[in-house]
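Hi everyone, thanks for making the time. I'd like to walk you through how some pieces of this one pack together, so let's bring it up on the screen.

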Amino acid sequence: KLFRGVHLITTEQVLQALSNVMDPDLHKDLVSLQMIEDIHIEGEKVSFTLVLTTPACPLRTQLERDAREAVMTQTGAKEVNIKVISRTPGAKPLSLGDNQFGHVIAVGSGKGGVGKSTIASNLAISLAQQGANVGLMDADIYGPNIPRMLGIDEFHPTSKDGQKIQPAIAHGIKVVSIGFFVQEGQPLIWRGPLLHSAIQQFLSDFDWGCLDYLVVDLPPGTGDVQLSLAQSLPISGAVLVTTPQAVAVDDAYRATSMFEKLGVPVLGIIENMAFLELPDGSRMTLFGEGGGKALAERSGVPFLGSIPFDQQIVQNGDRGLLIVENHAESPAAQAIHTISSKVAAELSKQAYARVQEK
């Protein structure tokens, strides 16, 4: 249509253009997925809201670019403004008092020493860097390493209202750890009931607010804390950390089986310390090779990726620095960012699948 020489764009034309833009993860178009809202047209200027299915959407830039290009190409619009928000389809956040948790991600391992806490902390910060509200709960009661890794080992929790305790704020995320309440070197010799009580208090007594993701750093193995967490709240999914070493893989397989018995979806396997890159470009496999992929195939779960051994991870972690912030361009940091995007995408797909089943 032409009116006074100006091409009139209709809402139907905009929707038709956007119906040709596909979400690569969900394999449907943006209109069918109800990801387009609030279309406004002023002459040759179009604006609308793009509703992402997960706060840390790894495809945000691609979807924005494809949507803008489709509207401009197919409608003749000269300007396209896109407001981006996130809303998990059909997902109702878990509420515990005033606290709300969109997704709960458990990070576990079969044995200690595989870098589980390092992965959990960097994973949480990577999700926050992608625009999500993130909390990190250090549920490794017997070995709470998160405070030192995040540089908050001197933090002393307080309450503003005499009721809820304030979490620590570090690197853009909220953090709670039993390490805030015990003296350095003090052992916690607790049985199951005390562990269960601690987990429940972490979830309800602290002022988490409204989180998109709560990342939980579990102790290694298949013990009381894992069972208590599964009983206290629905876990959206678990990721298992292993090294390529056979004994680590065997123990991680047991942890995978445990989560399946508890009804917790296993989002995938992360292989940490996969190799050391030498100055000449060659790789030294310090703990064997291919264990993570083999475990993923054996368990029938996705392989999320390998993270190389990086001395900066060790040095930074001891000083309260995180590699995803301080060495963001390093291969290890890039691998963690890729893994966090895969985790976010997998959670989004699971949420969409639940909606389709209803």
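This is a predicted model: local features need pLDDT of at least 70, side-chain atom pairs count only at pLDDT 80 or more; totals for chains, interfaces and linings use all residues.

Who's doing the touching? On the H1 side you've got Gln13, Val14, Gln16, Ala17 and Leu18. Facing them from H2 are Ala67, Ala70, Val71, Gln74 and Thr75. If you sort the residues of that H1 and H2 contact by class, you get 6 nonpolar, 4 polar and no charged.

Now, the sheet. There's an open sheet of 3 strands, in the order S5-S6-S7, with mixed pairing. Strand S5, 36-42, and strand S7, 79-86, are at the edges. Each of those two has a single partner strand, so one side of each has no neighbour in the sheet. On average, neighbouring strands here are turned by 15° against each other, ignoring direction.

Let's zoom in on one pairing. Strand S6, residues 45-52, runs parallel with S7, and the two share 8 bridges. To pick out one spot, Lys45 has Glu79 of S7 as its bridge partner.

And here's where the two helices come back in. H1 packs on this sheet, where it touches S5 and S6, and its direction makes about 130° with that of S5. H2, meanwhile, lies across S6 and S7 and runs at about 145° to S7.

Helix H7, residues 246-261, packs with helix H8, residues 291-299, at an angle of about 35°, and their axes are 10 Å apart. The crossing of H7 and H8 is right-handed. From H7 you have Val249, Asp250, Ala252, Tyr253, Thr256 and Glu260, and they meet Gly291, Leu295, Arg298 and Ser299 in H8. What's the class breakdown for the contact of H7 with H8? There we have 4 nonpolar, 3 polar and 3 charged residues.

Notes. Residues are numbered from 1 along each chain as its sequence is written. Side-chain values use heavy atoms; hydrogens and water are left out. Contact means heavy atoms within 4.5 Å. Helices (H or I, at least four residues) and strands (E, at least two) are DSSP runs, numbered from the N terminus. Ala, Val, Leu, Ile, Met, Phe, Trp, Tyr, Cys and Pro count as nonpolar, Asp, Glu, Lys and Arg as charged, and the others, Gly among them, as polar. Axes are lines fitted to C-alpha atoms, for helices over the stretch in contact, and angles run from 0 to 180 degrees between N-to-C directions. A crossing is left-handed if the near helix is turned anticlockwise from the far one by less than a right angle, and right-handed if clockwise. Two strands pair if DSSP finds at least two bridges between them.
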